[in-house]
Amino acid sequence: MTASNDKRPTACPIYRPAVGRFAPSPTGALHLGSLTTAIASYCHIKSLNGAWLLRIEDTDLQRCSTQFSDQILIDLENLGLHWDGDIWYQSERIAIYNELLYEQLLPYVYGCSCSRKALADYEIYPRFCLPDPKTVAYEAHNLCPQQRQQHLTDKKVRIQLPNQSMGFIDGIQGIQWSNAQQSLGDVVLRRADGTINYFLAASIDDGLQGITHVMRGLDILPLTSAQISIMHYLDLPTVEHWYHLPLVENHCGQKLSKQNLATPIDTATLPKCQKLIQKALTLLKQPAVDLDKPEVMLQQAVAQWQLDPLQHQSVLGKV
C-alpha cells in the first residue's frame, strides 16, 4: 500500500490593494491637528503604493457647512494632498445607511426614547429601553420588517454590541483589547431626528470603499471595537490595519480641535503651505524635507515615511 501524493489545494489569501482615507467633518476649517492626520494618512498609504480617498463626513446637517467642505478641498489641493477617485459626501448617502440599517442590522437594534436629561448620570446607557427577549422573539415571528421598522420611527436607534473581549493590533499603539458592550454600551446609530451617527456611516463607508488602512487620532481608538463589530454584523470587509496617531495638544494640554477653538490653517501662499507641511512632519517626528512645491515635499516625505518614532505615544506635541 503506497501513500498518496495527492494534496488538497490550499486556499490562497485574497489580496486587497492598500486603500486609506481622510474623512474630515466640515464643522469647521482644518487646523494643524487635522492637517497632521491628513499628512500622516497620505504619506503612510502612499508609501505602500496605495490609494488615498477623501470622504466628507457631513451627516450632521445642523453643524456641518458646505462653506467648510469647500475650504477643506481648497486647502488640501493647495498643500498637494491630491486624493484618488471621487469624493464621497455622507450627506448624499443617507438612504444607503438606512437601507443597510433595516436590511441587515434590524435583529441587533432597538428604539430608545430616553432624553439626555434622563441619562445625564450614566456614562454607559443603562438599557432602559432594551426590549424583553420574549417581545423580540414575538416581533421577529409575527411582525413584518416594515412593522418592525415603524417601531424605530422618531426614536433613537441603538445597537446591541457584543459582550465579549475583542483584540486587534494597532500599528502605532500596539495590541488592543476591548469589550464594546462594557466600554461603550448600546451606542446610537441614528438619532431621533434621522441624523446618522458616526458609528453607522463610517462602518458602512469603510466597508463599501474597501478601506484597508485607517489612520486617525488617538481619541477615536475607544470606538474601534464598535466599528469592527458593526462591520461584522453588516458582513462587510473589515479594516485590516488600524493606526491611532498621538494627539496634537494646545498650550493648555487639550486636544487641538474645533471645540477648543484651534486656529484654522492658512494655505493662501506657497511659503505658508511649505511651513505647514514642515510643521506637520516635525510633529510626526519625520525626517526633514527640502523646501519646494508642496507635491515635491510630500513625495520626499512619502519616500522617508516611518512609523517607529510614533509608536506607543499619546501626544505628538503642544502648539
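Student: Why is Asn49 called exposed?

Tutor: Asn49 has a relative accessible area of 73%, and exposed means over 50% (buried is under 20%, partly exposed in between, with a 1.4 Å probe and protein chains only), so Asn49 counts as exposed. Keep in mind that this is a predicted model, where local features need pLDDT of at least 70 and side-chain atom pairs count only at pLDDT 80 or more, while totals for chains, interfaces and linings use all residues. Residues are numbered from 1 along each chain as its sequence is written, and side-chain values use heavy atoms, with hydrogens and water left out.

Student: What makes the phi of Asn49 worth a look?

Tutor: Most residues other than glycine have a negative phi. Asn49 isn't a glycine, yet its phi is positive, about 60 degrees. You'll find Asn49 in the loop between helix H1 (32-47) and strand E2 (51-56); helices (H or I, at least four residues) and strands (E, at least two) are DSSP runs, numbered from the N terminus.

Student: How do you know whether Asp154 is buried or exposed?

Tutor: Hold its relative accessible area, 67%, against that cut-off, and Asp154 comes out exposed. Asp154 sits in the loop between helix H5 (145-150) and strand E5 (156-159), and its phi is positive too, near 60 degrees.

Student: Why is H3 called roughly perpendicular to H7?

Tutor: The axes of H3 (residues 94-104) and H7 (residues 198-208) come within 10 Å and cross at roughly 95 degrees. Roughly perpendicular covers 65 to 115 degrees (under 35 is roughly parallel, over 145 roughly antiparallel, the rest oblique), so H3 is roughly perpendicular to H7.

How values were computed: Axes fitted to C-alpha atoms, helices over the stretch in contact; angles between N-to-C directions.
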